Amino acid sequence: MKTILGKKMGMTQIFDEQGNVIPVTVIEAGPEVVTQVKTIETDGYNAVQVGFCDQKPQRVNKPLTGHFAKAGVVTKKYLAEFRVEEGESYELGQVITVADFEEGKKVDVTGISKGKGTQGNIKRHGHHRGPMTHGSKHKRLAGALAAGTYPSRVFKGNKAPGRMGRETVTVQNVVLVKIDTDRNLMLVKGAVPGGKGSLVKIRYAVKGQDDK
């Protein structure tokens, strides 16, 4: 599995041994604790559920309170489930930290992108604007969407103004530049989805481990 939950803290830059600047995103990852182990016999598939970020007991409903009590762990704010690969085994209460990862490896980071609200077609899809002179009244409006005679309607899926952002986005094959086990920090190269304080999921990249 090699997956861990974390919070995006922001971006900064570090320098490598050659003095080159590397833009990095700082992620406070883990520690997370195993709250449930699912198997084919009991649930029909193999997976593990983990909890991240301690939560006050009074802010957790009764079903979840019993769920955490059964696992023998303190209440958590976030729960996530990941499929388990063949040969992997986990136990209730097991703690997963950044020490389980290795510097220099490539990871995939998944998060919720920043919400932009309702936006026009130019910002949302990168369309060109209309002419700005000679009496034009068509500057940032959408262009022709359909012919009048045929098909006499607008097809579904046309790029138009609407809600933008707040979608699940995954950036793949980003390098895990540095790990700080004392402060539970991961530094990954480049930008990752979401704003400061947002929840992200980090896992080893499925492909591209040998391409550094």
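Predicted model: local features only at pLDDT ≥ 70, side-chain atom pairs only at ≥ 80, totals over all residues.
Me: Which residue's side chain meets K76 in a salt bridge?
Reply: Residues are numbered from 1 along each chain as its sequence is written, and side-chain values use heavy atoms, leaving out hydrogens and water. A salt bridge here is a side-chain nitrogen of Lys or Arg within 4 Å of a carboxyl oxygen of Asp or Glu. At 2.5 Å, N to O, the partner of K76 is D54.

Me: Is D54 buried or exposed?
Reply: Buried means under 20% relative accessible area, exposed over 50%, and partly exposed in between (1.4 Å probe, protein chains only). K76 is buried at 12%. D54 has 52% relative accessibility, so D54 counts as exposed.

Me: How many residues apart in sequence are the parts tied together by K38 and E81?
Reply: The side chains of K38 and E81 form a salt bridge at 2.8 Å, N to O. Strands are DSSP runs of E, at least two residues, numbered from the N terminus. Because K38 lies in strand β3 (residues 32-38) and E81 in strand β5 (residues 76-83), the pair ties together parts whose separation is 43 residues.

Me: Which residue meets D180 in a salt bridge?
Reply: D180 is buried, with a relative accessible area of 18%. The distance of this pair is 2.9 Å, N to O, and the partner is R183.

Me: How many salt bridges does the structure hold?
Reply: Side chains of opposite charge can pair when their charged atoms come close. In this structure, the number of salt bridges is three.

Technical notes:
Helix = DSSP H or I, 4+ residues; strand = E, 2+ residues; numbered from the N terminus.
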